[in-house]
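I opened this model today to see how the chain is put together. Here are my notes, in the order I looked things up.

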Amino acid sequence: MPAPIEHYGLIGDTTTVGLISRNGSLDWLCLPRVDSDACFARLLGHGDHGYWTLRPATRIRSVERRYRPDTLVLETEFSCDSGRARLIDFMPPWVAGHDAARIDEGTQGVAAHDVIRIVEGIEGQVAMHSDLRARFGYGRVIPWIRCDGSRATLTSGPAALAFSSPAPLDPDWDAARLETSFIVRAGQRLPFTLTYYPSHEHAPDHPVDAERELARTERHWRAWASRCPYQGRFRDAVVRSLLTLKALTYAPTGGIVAAPTTSLPEDLGGVRNWDYRYCWLRDSTLTLDALMRGGYLEEAQAWRDWLMRAVAGAPAQLQIMYGVAGEHRLTETELPWLPGYEESKPVRIGNGAYDQFQLDVYGEVLNTLYDAHVQGLPDLPHTWDPIVEIVDFVEEAWQRPDEGIWEIRGAKQLHFTHSKLMAWVAVDRAVRMIEEFGVGGQHRLGKRAQRWRALREEIRSDLLTRGFDARVGAFTQSYGSDALDASVLLIPHMGFLAADDPRMLSTVAAIEKGLTRDGLVLRYATETGVDGLPGHEGTFLICSFWLADNYAMAGRLDDAEALLDRLVSLCNDVGLLSEEYSPELGRQLGNFPQAFSHIGLVNTAHIIDAKRAGREVSLPSAA
């Protein structure tokens with residue numbers, strides 16, 4: 001069975017990601033892309049659905065894990081009665097235009113994807129066992145295996161894996177698995193390699209040089225992490241979050257997925273199971289802020305450029321999410337042969353919310369473009385025409401109901417307060433780009449700019465009048481509702497009102513009283529039935545970071561730092577956060593690791609640091 005969500009560590013090559021449990025089992029891996037079919041899918045089922053375990057074959061007394069400092073090289077140390085052994089897991093980073101595993105040889109060609117696992121003897125001797133059971137097509141398809149001594153190939157349709165072991169392999173043909181048992185002694189280092197390649201090409205002639213790739217991988221990640229300028233108390237957590245965010249990047253295009261997994265449940269045993277291996281526009285501004293604050297101009301620019309390619313076209317057809325290369329069609333399908341994580345059914349691939357109407361995405365796009373100007377990113381040519389088309393569409397559509405930021409699947413559309421906020425943001429940022437940066441050329445705008453200023457005031461007045469409920473003392477989830485929603489905590493982030501505005505202070509107080517569980521924030525109360533789904537969910541971690549931001553921006557720095565301390569303490573032993581956390585179960589829930597959670601950590605740490613130092617927080621001024 002799969003391990004608890006928080007027991008997994010992440011390795012990746014910036015095109016895909018693998019999840020490895022504390023007991024040394026690689027239980028999730030999609031190749032060649034993060035949204036490709038999984039060839040190891042035990043995470044969503046059991047052993048028959050694919051895994052690669054590498055662990056002691058004797059009693060384990062204790063397990064300790066860590067990343068090598070400022071890298072994505074994962075180390076797991078097993079202490080046994082007879083000695084200690086270390087497992088070193090990593091994927092060499094992808095390099096454009098080269099075979100990443102053989103870049104030092106200058107080989108041109110298709111980029112390989114390698115999983116490298118080195119077993120190192122630390123003390124005494126330890127009996128070890130490797131058990132590889134690949135299943136393509138999300139655990140459904142048994143590959144054709146050819147084995148020759150210590151090397152093997154596993155082929156299924158267009159995909160193939162080349163496996164190399166330091167010890168002779170013992171194939172179990174009936175179970176379609178490759179096993180080997182061996183002993184590692186102190187001072188020995190024994191490498192295992194698994195390489196993906198298209199099945200119509202020849203298998204690699206020789207195994208990857210594991211030690212050379214380990215050295216290259218360490219150099220790469222340490223050089224990348226060294227660019228982070230943050231030196232505050234939360235530096236380790238900030239750097240780990242940035243490394244995680246980089247791992248969730250699809251380097252060939254610059255797209256960043258929300259998470260590398262699908263269908264990890266928000267409610268154990270329930271149906272709230274979604275595919276997050278896509279790029280959400282709602283994440284765009286906060287992602288850009290996290291990268292820029294972290295010192296990563298190149299990645300921020302690549303993300304902005306991905307965004308503009310993805311949204312190209314008619315504004316009425318703008319989607320809330322896209323594939324990593326900007327794909328539009330993300331058809332949702334259920335996989336009935338997978339029982340789901342801890343029997344949480346159904347397992348879904350694709351995401352049916354991609355064709356929802358969510359008004360907030362228009363604000364997200366223009367806010368990202370405005371933020372890019374503020375941060376000094378080089379301008380993209382030909383962006384003004386899309387800006388005009390988006391604002392003109394918002395002018396026509398902002399009074400429509402929508403499914404909102406949380407992608408409700410109920411039958412009823414509502415006038416969500418956050419959606420109206422982001423409609424205001426869309427118009428405000430377009431006006432600001434004219435006024436502050438001369439985008440579009442003021443002499444050409446004339447009456448349109450005047451109309452946009454009037455529209456901005458109309459939306460603002462509407463939101464203040466209908467979005468704030470004096471009886472509740474808060475901005476509510478939707479117009480005419482008394483329900484609370486954590487998305488309104490973004491009002492100060494967007495520059496609509498200052499965090500110390502009386503209406504925001506009372507909103508924060510209402511959320512503290514009515515929308516928290518053990519001091520952590522829920523997205524909304526599922527009991528209202530607004531999302532059209534049965535069951536409940538855990539606290540949503542990004543919302544707790546937003547609450548900490550509001551504390552800091554309103555001058556409650558000690559409260560902000562205490563909440564950030566609490567949130568950092570929820571990270572697992574190697575610094576990773578999922579989407580949600582259940583205080584009752586003491587467990588992480590939802591897809592893992594979650595970009596939104598780590599983005600929140602980075603941004604909150606920077607906001608607190610800036611306020612402590614008396615610096616201005618880089619947010620738009622409140623209107």
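I began with an open sheet of three strands, and I read its order as β26-β27-β28, with antiparallel pairing. The model is a predicted one, and I kept that in mind throughout. Next I asked which strands stand at the edges of this sheet. They are β26 (539-540) and β28 (587-589); each has a single partner strand, so one side of each is left without a neighbour in the sheet.

I then looked at how β26 is joined to β27, residues 580-582. I found two bridges between these antiparallel strands.

**A hairpin**

I moved on to β6 (residues 60-67) and β7 (residues 74-80) and asked how many bridges join them. The count is seven, and the two strands run antiparallel. Ile 60 has Cys 80 in β7 as its bridge partner. Between the strands of this hairpin I see six residues, and Asp 70 there takes a positive phi near 60°.

**A histidine in a helix**

I looked up His 598 and found this residue in helix α13, which covers residues 595-612. Is His 598 buried or exposed? I noted a relative accessible area of 1% for His 598; the cut-off for buried is under 20%, so His 598 is buried. I also asked which residues His 598 touches, not counting those up to four places away in sequence. My list has Ser 241 and Thr 244, then Gly 575, Leu 576 and Leu 577, and finally Pro 593.

**The whole chain**

I stepped back and noted 13 helices and 28 strands in the chain. For the overall form I checked the radius of gyration: the chain has 25 Å, which agrees with the value near 25 Å that a compact globule of 623 residues would have.

How much of the chain is buried? I wrote down 65% of the 623 residues. Among the contacts with a separation of 6 or more, 68% come from residues 24 or more positions apart.

For the surface I noted an accessible area of about 21800 Å², with 49% of this belonging to carbon and sulfur atoms. My last entry is on charge: the chain has 64 positive and 84 negative charges, and their mean positions are 1 Å apart.

Terms used. Residues are numbered from 1 along each chain as its sequence is written. This is a predicted model: local features need pLDDT of at least 70, side-chain atom pairs count only at pLDDT 80 or more; totals for chains, interfaces and linings use all residues. Side-chain values use heavy atoms; hydrogens and water are left out. Helices (H or I, at least four residues) and strands (E, at least two) are DSSP runs, numbered from the N terminus. The radius of gyration is taken over C-alpha atoms; the globule rule is 2.2 Å times the number of residues to the power 0.38. Buried means under 20% relative accessible area, exposed over 50%, partly exposed in between (1.4 Å probe, protein chains only). Contact means heavy atoms within 4.5 Å. Accessible areas come from the Shrake-Rupley method with a 1.4 Å probe; for residues, only the protein chains shown count as cover. Lys and Arg count as positive and Asp and Glu as negative; His and the chain ends are not counted. The place of a charge is taken as NZ of Lys, CZ of Arg, CG of Asp or CD of Glu. Two strands pair if DSSP finds at least two bridges between them.
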